[in-house]
Amino acid sequence: LAAIVALLYARSVTYGLMWDDPAWFSQGTDVPLGDLFRGTATYQFYRPLTLVWNRLWWRSPGLLDAWGNHAAQVCIHLAAALLTGALARAWRSGRGTAALAGLVVAVFPFSHQAVAWAAPQQPLVTVLVLASATIRGIQSAWRRFETTLTARASGPAARLVLAAATPGRL
């Protein structure tokens, strides 16, 4: 899956910036970090975590690491594809179905912006949602396993208690 994502989207790291990316990434760069969470009139949309994410890509005033941002977007997209497969497995899908689910997400991003445009954080949010759903699915699977194990272990234990309480019966 990683090879497919790399093959399909490796070129996107060369795309550079588009349209209003410089303006978008610069929003909130001159605002103290604490103020980003209180909301100010210096940026168009109140998205404090987006503004913190955008700060990661500034190297100096006016210099944005577009290559690094695009590479991160592709890696995050790969994580979304892998987590989709893991979630399918947690939901008791077969290996083939889970692999197909991951492949579909890898080949058909939820939006082209996931791999082509530097500015959106949709892939990062997708990964967070998929990760939490996968963890929840794995927790549910573990609880089912524990319940089954307990039920299977309790049968022999119950027979031993019954045998002790009623001699000659097993």
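Mentor: The buried residues of helix α6 pack against α1 (2-9) and α5 (66-90). Here, buried means under 20% relative accessible area, exposed over 50%, and partly exposed in between, with a 1.4 Å probe and protein chains only; contact means heavy atoms within 4.5 Å. Helices are DSSP runs of H or I with at least four residues, numbered from the N terminus. This is a predicted model, in which local features need pLDDT of at least 70 and side-chain atom pairs count only at pLDDT 80 or more, while totals for chains, interfaces and linings use all residues. Residues are numbered from 1 along each chain as its sequence is written, and side-chain values use heavy atoms, leaving out hydrogens and water.

The residues of α6 that are buried are A98, G102, V105 and A106. They lie on the same side of α6 because their arc around the axis is only 105 degrees, the arc being that of the directions from the helix axis to the C-beta atoms. In general, an α-helix has 3.6 residues a turn, so residues three or four places apart point the same way. On the face turned away from the buried side, α6 carries the exposed residues G96 and L100.

As for its length, α6 comprises 13 residues, 95-107, and spans 18 Å from its first C-alpha to its last, close to the expected 18 Å. That expected span is 1.5 Å times one less than the number of residues.

Note on methods
Helices (H or I, at least four residues) and strands (E, at least two) are DSSP runs, numbered from the N terminus.
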